[in-house]
Amino acid sequence: MKTIQVKAVKRENYGKKAAKAVRREGQIPAVLYGGGETVSFSVDPREIKPLIYTPNSYIVDLEIDGKTEKAVLRDVQFHPIREEILHMDFYRVQPGKPVAISIPVRLTGNAEGVKIGGKLVLSARKLTVSAQLDKLPDELVIDVTPLGVGKTIFVGDLNFDGVKFLTPATTAVCAVRVTRASRGADAAAAK
């Protein structure tokens, strides 16, 4: 899995007033938790822009006052009106323990149902998985070639080595929907 470096500054003050003061300085308040110690820090918005505004998922190397920790981004809170990040939560990656993270889905192949006029629809852009750090893929590549009209691929149908899906097995990943053109092709084939 890809990693991204983020430099941060530890902060000593906590609470609403301290967070507002950090935001006034042009920084984003954040917290790193998991594995015992909770660390509050602030980060420059330019540092985390490649982490937030991308469909990819990353393991984050947080450098907080010279000490580097591996983490995953768990939550981002945005201002309800302005496109401004209010707060970020990171979860510490512990050696030997599985990591839970959302990974993007990429479809490959040309579905059989699309060839006769169906429409391929991607329902889940990301799926939450759990795996050891070295087994985490950058993306989940799903072959849709055998998918016919009216057929769906569910999370329960997927199997990746060393990866456990946390997204429910009944969640639809992609499907080939029936269209007028595919109905016409079926009618012509029936005659």
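Predicted model: local features only at pLDDT ≥ 70, side-chain atom pairs only at ≥ 80, totals over all residues.
The names of the elements follow a simple scheme, in which helices (H or I, at least four residues) and strands (E, at least two) are DSSP runs numbered from the N terminus. Two strands are said to pair if DSSP finds at least two bridges between them. Strands of a sheet pair through backbone hydrogen bonds, either parallel or antiparallel. Strands β5 and β6 pair in the antiparallel sense over seven bridges, and they form a hairpin with six residues between them. Strand β5 also runs antiparallel to β4, to which five bridges join it, and here I64 stands opposite K67 in β5. The hairpin of β4 and β5 has two residues between the strands, and in this hairpin D65 takes a positive phi near 50°.

The next element to look at is helix α2, residues 45-52, where I48, L51 and I52 are buried, a word that means under 20% relative accessible area, with exposed meaning over 50% and partly exposed in between (1.4 Å probe, protein chains only). Seen down the axis of α2, the buried residues fall within an arc of 85°, so they line one face of the helix; the arc is that of the directions from the helix axis to the C-beta atoms. On the other side of α2, R46 and K49 are exposed. What covers the buried residues of α2 includes β1 (3-10), β2 (28-33), β3 (39-43), β4 (59-64), β5 (67-78) and β6 (85-92).

Strand β7 (residues 99-108) and β10 pair in the parallel sense over four bridges, and in β10 the bridge partner of R106 is V141.

The interior can be described through nonpolar cores, a core being a set of buried Ala, Val, Leu, Ile, Met, Phe, Trp, Tyr and Cys residues joined through side-chain atoms within 4.5 Å. Of the 25 residues in the largest nonpolar core, L127, V129 and L136 touch the most other members. Strands β7, β9 (126-131), β10 and β13 (172-177) each supply at least two residues of this core, and the largest share, four residues, comes from β7. Domain 1 (1-93) and domain 2 (98-188) both give residues to this core, so it lies between them; the domain bounds come from an automatic or database domain assignment. Leaving aside its neighbours within four places in sequence, L136 is in contact (heavy atoms within 4.5 Å) with M1, I59, V99, I101, I103, V129 and A131. Apart from this core lies another, of 20 residues, among them L32, F41, Y58 and F90.

How values were computed. Residues numbered from 1 in each chain as written. Heavy atoms only, no water.
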